[in-house]
Amino acid sequence: MSEVKISAESRTEFGKGAARRIRRDDKVPGVLYGHGSDPLHLTLPGHELLMALRTPNVLIALNVDGKTNELAIPKSVTRDPIKGFLEHVDLLLVKRGEKVQVEVPVHTEGDLAPGGFLLEHVLAALPVEAEATHIPESVTVSVEGLEAGASILAKDIELPKGVTLTVEDDTTVIQIVTAQVEEEPAEEEAEGTEAAAEGDEAAAEA
């Protein structure tokens, strides 16, 4: 996977007031941690970070204060629940050749068998271990022709070389279910029809 270069600044101001000031400048407060080092509090460019985070588990080459170069992956991202802008990001320090545990989005391809079946993601992302600079953006599995009752287990998903599961092989990732069809209230409709007929008869007699 390619690296995204981002320049960041170390910060010494903390708290909600400081965070609001940072966000008003279209920047995002963040923390870089890992490898037993003290957490490094950062200010990151908002637009560049937002674009980078469009790639799951993106590898970020950080230039801190113009003198420190570090590799990191996003570990936790906090967004405003209403407007969706970035509020805070936690970055995990990684090294080339190091194995890291991440969750990789699961994509599907193909069409289910005819008959009104539904695809249910039991796991939207697959927990795996991969080399820090070779984390797959996603994994893809075929659901072509599957019917209700079928399921795809973790072991059924083909992983890139060097990537291994960190969940049990028989963990269900996707299952196919029958679409629920609402039954028409036949009895209520019948009762309504009878009541309407009786009303018409009473009106005619009057």
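Trainee: Which residue in β12 is the bridge partner of V128?

Mentor: Please keep in mind that this is a predicted model. As a general idea, strands of a sheet pair through backbone hydrogen bonds, either parallel or antiparallel. In this model, V128 has L165 of β12 as its bridge partner. The strands concerned, β9 and β12 (residues 164–165), run antiparallel and are joined by two bridges.

Trainee: In which sense do β7 and β9 pair, parallel or antiparallel?

Mentor: Strand β7, residues 99–109, pairs with β9 in the antiparallel sense, over seven bridges.

Trainee: What is the order of the strands in the open sheet?

Mentor: The order is β10-β7-β9-β12, four strands with mixed pairing. At the edges are β10 (139–142) and β12, each of which pairs on one side only. The parallel part of the pairing can be seen between β7 and β10, which are joined by four bridges. There, E109 stands opposite S142 in β10.

Trainee: Why is strand β9 described as largely enclosed by the rest of the structure?

Mentor: One counts its buried residues, where buried means under 20% relative accessible area. In β9 (residues 125–131), six of the seven residues are buried, so the strand is largely enclosed by the rest of the structure.

Trainee: Which residues touch the most other members of the largest nonpolar core?

Mentor: The general idea is that in soluble globular proteins, nonpolar side chains tend to be buried together. Here the largest nonpolar core has 25 residues, and those touching the most other members are I73, V94, V106, L126 and I157. Several elements give two or more residues to this core, including β4, β5 (68–79) and β13 (172–178). The largest share, four residues, comes from β7.

Trainee: Which residues does L126 touch, not counting residues up to four places away in sequence?

Mentor: Among them are V102, V104, V106, V139, I157 and L165. There is also a second, separate core of 18 residues, which includes V28, L62, A72 and L93.

Trainee: How many salt bridges does the count come to?

Mentor: The count comes to three salt bridges. In one of them, E3 meets R96, with the closest N and O atoms 2.6 Å apart. This pair links distant parts of the chain, for E3 lies in strand β1 (residues 3–10) and R96 in the loop between β6 (86–94) and β7, 93 residues apart. E3 is partly exposed, at 32% relative accessible area, whereas R96 is exposed, at 57%.

Trainee: How far apart are the closest N and O atoms of E9 and K27?

Mentor: In the salt bridge between E9 and K27 they are 3.9 Å apart. E9 belongs to strand β1 and K27 to strand β2 (residues 27–34), 18 residues apart. Both are partly exposed: E9 has a relative accessible area of 42%, and K27 has 31%. A further salt bridge joins the side chains of E13 and R21 at 3.8 Å, N to O.

Trainee: Is N57 buried or exposed?

Mentor: N57 counts as buried, because its relative accessibility is 12% and the cut-off for buried is under 20%. The residue is found in the loop between α2 (46–52) and β4 (59–64). Its side chain reaches the backbone oxygen of E103 at 3.0 Å.

How values were computed
Residues numbered from 1 in each chain as written. Predicted model: local features only at pLDDT ≥ 70, side-chain atom pairs only at ≥ 80, totals over all residues. Heavy atoms only, no water. Buried < 20%, exposed > 50% of the residue type's maximum accessible area, 1.4 Å probe, protein only. Pairing = 2+ DSSP bridges. Polar contact = N/O pair within 3.5 Å; in protein donor to acceptor, adjacent residues only side chain to side chain. Salt bridge = Lys/Arg side-chain N within 4 Å of Asp/Glu carboxyl O. Core = buried A, V, L, I, M, F, W, Y, C linked by side-chain atoms within 4.5 Å. Contact = heavy atoms within 4.5 Å.
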